[in-house]
Amino acid sequence: MNGFLQKASGVGLAVFILVLGLLPSPGAFLLCLPFFFIGPLGFTSSITARWFAVTFGLGLALGRFQFGHYPQSWVVPEVLVLGAMAIVPEFMARRVEEIRSKIQLQLSGREAEYQSLRESSDSTKAQNTQIEKQLRQIEHLYDVIKEAGSTLNVQEMIELTKDFTERMFDLPHFIIAVLSNDGRKFEIRIASGCDDSLFRSFELDPEANSMGALFARQKKPLWVPNVEDQDPYRKLSNLAIQSFLFMPFLIQDRVIGFLCSFSPEGDLLDNERFSNFQVFSNQISIGLQKALLYEKVQKLSITDGLTKLNSHRHFKQRLEEELVLASRYNSELSLLILDIDHFKKYNDNFGHVAGDHVLMEVARLLREQTEKTHIPARYGGEEMVLVAPETSKEQAMELAEKIRRSIETFSFTVGKETTQVTVSIGVATFPADAQTNLDLISKADKALYAAKARGRNRIVAYPL
């Protein structure tokens, strides 16, 4: 419909001007009007311009040649000029549209290129951020390897593990357990983000049916993002645990310790951090094994193989150190030397195997009666000693009596028989009785022989 109106407008306008051109006075002038508006008309409505030019040209030619109304000089040039002026705007409009389309296409290409570059830039930034994060993780792991290789102390190794775990993985709550020297239990050494009192002196039997022992026997890292999603662990939500991690420290398919972390919220870790944690755990396992082996060797070097008490050499070293401290802080130190009564006769009657059993049991009873600050040791043969720092002579006599009574009342089993064993104990105290370690040993030894001379199974303190 719009096309018909445009055509009709062109025809009507041409007829109107042709009619005006028939007027006697201004007619010739009015025939010039098409030159003024044909151009703008061609830009605004090419259909109207074309129909106007065709109708006006035909009317002008017909009026001149058929009826002789219009001057002859106006016909040919005006028709040609009007035709050109009607076509040129459309041509220019098409050209402009082509140029515009081309520019638009180029702009779209540039915009797509810009968007692609922007996405590439964002991707590169994200990759750089990821690479920087991975580099930091690698730096931390390098630090772990370096630090783990520089310490042979188990507790330092555990503290190092705690420090790097907090720094690298930001775990809210975790515990670290290490296998005891005898391999019979896991000892909780570190509790981070937890109440220390809940885990102090806590031990875990590797063969128990508790969850920690079961995880340790599986010998696999375990990460549960949400306990609600897995049936075996759903009951942990009753303990306000939503996510937890169990990471064993494995050496040659043997669990020497583990780290267990938990969170009252989800998202404890993600896949990448869990993978990094496994690498971290492997390095800690190697360092921890070295420290445990070193600790075991150190303990063996200062431990008597039969009685598991401190060795004679270690006893003399520690006695000298404790005397220096006692002298510096003006405190007392007592030394107890005990000897099993008639031990040679016991060996002759029951054999050396039974004699070794008695030595082990007496050593165990001695350890049970001592405190952490005391230093029990095997002195030689059937003789044992006990260094008691910050202990007066009266306190040492009470301690000696507890030891003597515990041994006297214990029933020693030899095959199908039971027998009793007694000990004699000599006591000497620094600084009242001696000033040096050798002198203190000598005074306590004299007191021991006095006890034997007075009938055995008794305690004698120096001075005699």
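Biologist: Which residue in β6 is the bridge partner of P248?

Modeller: Bear in mind that this is a predicted model. Strand β5 covers residues 243-251 and strand β6 covers residues 254-263, and the two pair with each other. In β6, P248 has as its bridge partner F258.

Biologist: OK, and how many bridges hold β5 and β6 together?

Modeller: These two strands pair in the antiparallel sense. Going by the bridges between them, the count is nine.

Biologist: What angle does helix α6 make with β2?

Modeller: α6 spans residues 154-169 and packs on the sheet. Its contacts there are with β1, β2, β5 and β6. Taking the direction of α6 against that of β2, you get about 40°.

Biologist: And α9, which strands does that helix touch?

Modeller: Helix α9, residues 271-301, packs on the sheet too, with its direction at about 40° to that of β5. The strands in contact with α9 are β1, β4, β5 and β6.

Biologist: Which strands stand at the edges of the sheet?

Modeller: Let's walk along it: this is an open sheet of six strands, paired antiparallel, in the order β3-β2-β1-β6-β5-β4. An edge strand has a single partner, so one of its sides is left without a neighbour in the sheet. That picks out β3 (203-204) and β4 (222-224).

Biologist: Which residue in β3 is the bridge partner of F186?

Modeller: β2 and β3 run antiparallel and are joined by two bridges. For F186, the partner in β3 is L204.

Biologist: Moving to the hairpin of β1 and β2, which residue in the turn has a positive phi?

Modeller: β1 and β2 pair antiparallel over six bridges, with F174 standing opposite S192 in β2. Six residues lie between the two strands, and the positive phi, about 70°, belongs to G183.

Biologist: How many of the seven residues of β2 are buried?

Modeller: Buried here means under 20% relative accessible area. β2 is largely enclosed by the rest of the structure, because the number of its residues that are buried is five.

Biologist: Last one: how are α10 and α14 oriented to each other?

Modeller: The axes of α10 (residues 312-328) and α14 (residues 437-453) come within 10 Å, and α10 passes α14 in a right-handed crossing. F315 and L319 are among the α10 residues that meet α14, whose side includes L438 and I441; the contact divides into six nonpolar residues, one polar and two charged. The axes cross at roughly 110°, and therefore the two helices are roughly perpendicular.

Definitions and conventions:
Residues are numbered from 1 along each chain as its sequence is written. This is a predicted model: local features need pLDDT of at least 70, side-chain atom pairs count only at pLDDT 80 or more; totals for chains, interfaces and linings use all residues. Side-chain values use heavy atoms; hydrogens and water are left out. Two strands pair if DSSP finds at least two bridges between them. Helices (H or I, at least four residues) and strands (E, at least two) are DSSP runs, numbered from the N terminus. Contact means heavy atoms within 4.5 Å. Axes are lines fitted to C-alpha atoms, for helices over the stretch in contact, and angles run from 0 to 180 degrees between N-to-C directions. Angles under 35 degrees count as roughly parallel, over 145 as roughly antiparallel, 65 to 115 as roughly perpendicular and the rest as oblique. A crossing is left-handed if the near helix is turned anticlockwise from the far one by less than a right angle, and right-handed if clockwise. Ala, Val, Leu, Ile, Met, Phe, Trp, Tyr, Cys and Pro count as nonpolar, Asp, Glu, Lys and Arg as charged, and the others, Gly among them, as polar. Buried means under 20% relative accessible area, exposed over 50%, partly exposed in between (1.4 Å probe, protein chains only).
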